[in-house]
Amino acid sequence: MYKGFNVVINDKEEFQDYYEAGSSLFDKQKEFIRKNLEVYIKPDGYLSQEKMEGDWFPKTDAHVFLSHSHQDIDFVIAFAGWLKEKFDITAFIDSLIWENSDDLLRLIDEYYCVSSRYEDGRIKTFGYNLRNKSTSNVHMILYTALMKMIDQTECLMFINTPSSIQWSDMLSQTSATLSPWIYGELLASKLIRNRSKIKHRQQIDKTYMERVEESARLDVEYISDTKHLIDITDKDLLEFKEKAANKNKFDALDTLYRLTENKQRDLRFEYELE
């Protein structure tokens, strides 16, 4: 990752016309991910960690990693379409993975975790301990692979909305999220290695990667930190659109980096004061 941005957008109307373009990109990625889930189950009864990571997170030409709440998915799809149509910037939408992980878990549970069946062969119950094991392993594999994807992409954009981040303590200005995936992605963006944009652009490969019902709700609050990310707003994106018009994807990204240089300097200064 070269840079990370905290994206706060108040007026979403600007992006709605690009929903169709974003939806086309989203559908291609979803089709790739959902294809042949059965291949993850090896004949000897083990899950193939290598194959799961390779298929769900292959080398990709995505330039931007979009971290967001699933409640904002329609806007995020439109925003991804805007990036693609305006600047030819390809975004990887993180919710694709967590949406499809439930399908994969169901498949694995039906193969490994059945504890009893009805006479006609239908599943009656799953083993509690077996299912805990399958869920923890799949989530660990996917989370590890997700960290690799953040490392691969040139920049991360966290879509900061009331759905993704809430104020946990207004006096201390502590923010929190109810999503463990958002928490993990923000933490990764803070700790993951920082690489130059040249390194990222040299590694781009042309290989393109193309809910379980709940009886009760369990929400866990994770204290989240976005202070290490550069804030960009509607005004910044409007200026970005005007100054990056008709440029290729890398020149467009460089324009965004230049436009936010002052904010990055301020960010460094705040960290030094801390």
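Contact, as the word is used in this report, means heavy atoms within 4.5 Å.

## Basis of the report

The model described here is predicted, and for that reason local features need pLDDT of at least 70 and side-chain atom pairs count only at pLDDT 80 or more, whereas totals for chains, interfaces and linings use all residues. Residues are numbered from 1 along each chain as its sequence is written, and side-chain values use heavy atoms, with hydrogens and water left out.

## Ser 116 and its surroundings

Ser 116 lies in strand 4, which covers residues 114-117; strands (E, at least two residues) and helices (H or I, at least four) are DSSP runs, numbered from the N terminus. Not counting residues up to four places away in sequence, Ser 116 touches Ile 123, Lys 124 and Thr 125. With Thr 125 there is also a polar contact between the side chains, at 2.5 Å. A polar contact is a pair of N or O atoms within 3.5 Å; within protein, one must be able to donate a hydrogen and the other to accept it, and residues adjacent in sequence count only if both atoms are side-chain atoms.

The C-alpha atoms of Ser 116 and Gly 127 are separated by 8.4 Å, the two residues being eleven apart along the chain. Ser 116 has a relative accessible area of 23% and is therefore partly exposed, given that buried means under 20% relative accessible area, exposed over 50%, and partly exposed in between (1.4 Å probe, protein chains only).

## Aromatic residues

The structure holds twelve aromatic pairs, where rings of Phe, Tyr and Trp (its six-membered ring) pair if their centres lie within 6.5 Å, and planes under 30 degrees apart count as stacked, over 60 as edge-to-face and the rest as tilted. One of the pairs is formed by Phe 15 and Phe 79, which are edge-to-face at 5.4 Å centre to centre, with 70° between the planes. This pair links distant parts of the chain, 64 residues apart, since Phe 15 is in the loop between strand 1 (3-8) and helix 1 (19-34) and Phe 79 is in helix 3 (residues 73-87). Phe 15 is buried at a relative accessible area of 3%, and Phe 79 also counts as buried, at 0%. One aromatic cluster is formed by Phe 15, Phe 75, Phe 79, Trp 82, Phe 87 and Phe 240.

Charged side chains also meet aromatic rings. The charged end of Lys 3 sits over the ring of Tyr 2, 4.9 Å from its centre, and that of Arg 122 sits over the ring of Tyr 118, 4.7 Å from its centre; a charge sits over a ring if NZ of Lys or CZ of Arg is within 6 Å of the ring centre and within 35 degrees of the ring normal.

## Helix 9 and the loops beside it

At the start of helix 9, a side-chain oxygen of Asn 248 reaches to within 3.0 Å of the backbone nitrogen of Phe 250. The buried residues in helix 9 include Ala 252, Leu 253, Asp 254 and Leu 256. Thr 260 lies in the loop between helix 9 (249-259) and helix 10 (261-273), and a polar atom of its side chain is 2.9 Å from the backbone oxygen of Leu 256. Leaving aside neighbours within four places in sequence, Thr 260 is in contact with Phe 5, Ile 230 and Ile 232, and at 2% relative accessibility Thr 260 counts as buried.

Asn 246 has a positive phi of about 65° although it is not a glycine, and at 81% relative accessibility it counts as exposed. A positive phi, near 60°, is also found at Asp 88, which lies in the loop between helix 3 and strand 3 (91-93) and counts as partly exposed at 36% relative accessibility.

## Helix 6 and the cysteines

Helix 6 (residues 180-191) has twelve residues and reaches 16 Å from its first C-alpha to its last, close to the 16 Å expected, the expected span being 1.5 Å times one less than the number of residues. Its buried residues are Ile 182, Gly 184, Glu 185, Leu 186, Ala 188 and Ser 189.

A search of the whole structure finds zero disulfides, a disulfide being a pair of cysteine sulfur atoms within 2.5 Å. Cys 113 is buried at a relative accessible area of 1%, and Cys 155 is buried at 0%.
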